[in-house]
Amino acid sequence: QVQLVESGGGLVQAGGSLRLSCAVSGSIFSISAMGWYRRAPGKQRELVASINNSGSTNYPDSMKGRLTISRDNAKNTVYLQMNSLKPEDTAVYYCNGNIRPNSALVWYSYWGQGTQVTVSS
């Protein structure tokens, strides 16, 4: 059983910062790319940032400059540092990982349960 558990969300004022964490646990053979997505009220889920197992990162143009994704492979954890937060950043943030469990020979996409980020103006 593979689980992704996010933490670090909460309420913050505009201009503030938050650091989200996503810990992967379970019977894991290997973790490939990981990413953060978000879903704002009334909108579709969108990619926020991604990072491969070598540490190369990718951000949509709209996210560049304020967000930093990083990972600690020894802890099977990925982080998202968010600075200069805006009210429009309010959303549920989800962690995603491409993971090969010990019980399988293929990779699966796993999702966390999400963590709420609310930015007040």
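Which residues does valine 119 touch, not counting residues up to four places away in sequence? I shall open with that question, and then widen the view to the whole protein. Please keep in mind throughout that this is a predicted model.

The answer is a list of eight names: Val12, Gln13, Ala14, Leu85, Lys86, Pro87, Asp89 and Thr90. Valine 119 itself is found in strand β11, which covers residues 115-120. Is this valine buried or exposed? Its relative accessibility is 6%, and the limit for a buried residue is under 20%, so valine 119 counts as buried. One further pair deserves a look on the screen. Valine 119 and glutamate 88 are separated by 31 residues in sequence, yet their C-alpha atoms are 7.5 Å apart in space.

Let us now turn to the protein as a whole. How many helices and how many strands does its secondary structure contain? There are zero helices and eleven strands. Read from the N terminus on, the elements therefore run β-β-β-β-β-β-β-β-β-β-β. The radius of gyration is 14 Å, close to the 14 Å that the globule rule gives for 121 residues, so the protein is as compact as a globular protein of that length. Its C-alpha atoms fill a box of roughly 45 × 25 × 25 Å, taken along the principal axes.

Three further values describe the chain. Of the 121 residues, 41% count as buried. The accessible surface comes to about 6,400 Å², and carbon and sulfur atoms account for 45% of that surface. Among contacts between residues at least 6 apart in sequence, 56% join residues at least 24 apart.

I come next to an open sheet. Four strands form it, in the order β1-β3-β8-β7, and the pairing is antiparallel.

Strand β1 is joined to β3, residues 18-26, by six bridges, and the two run antiparallel. Within this pair, leucine 4 has valine 24 in β3 as its bridge partner. Six bridges also join β3 to β8, again in the antiparallel sense. Here leucine 18 has methionine 82 in β8 as its bridge partner. Finally, β7 pairs with β8, residues 77-82, over six bridges in the antiparallel sense.

To finish, I would draw your attention to two loop residues. Where is asparagine 76 placed? Asparagine 76 lies in the loop between β7 and β8. Its phi is near 50 degrees, a positive value in a residue other than glycine. With a relative accessible area of 27%, asparagine 76 is partly exposed.

Serine 84 is found in the loop between β8 and β9 (91-101). The phi of serine 84 is near 50 degrees, likewise a positive value in a residue other than glycine. Serine 84 is partly exposed, with a relative accessible area of 41%.

Technical notes. Residues are numbered from 1 along each chain as its sequence is written. This is a predicted model: local features need pLDDT of at least 70, side-chain atom pairs count only at pLDDT 80 or more; totals for chains, interfaces and linings use all residues. Side-chain values use heavy atoms; hydrogens and water are left out. Two strands pair if DSSP finds at least two bridges between them. Buried means under 20% relative accessible area, exposed over 50%, partly exposed in between (1.4 Å probe, protein chains only). The radius of gyration is taken over C-alpha atoms; the globule rule is 2.2 Å times the number of residues to the power 0.38. Contact means heavy atoms within 4.5 Å. Accessible areas come from the Shrake-Rupley method with a 1.4 Å probe; for residues, only the protein chains shown count as cover.
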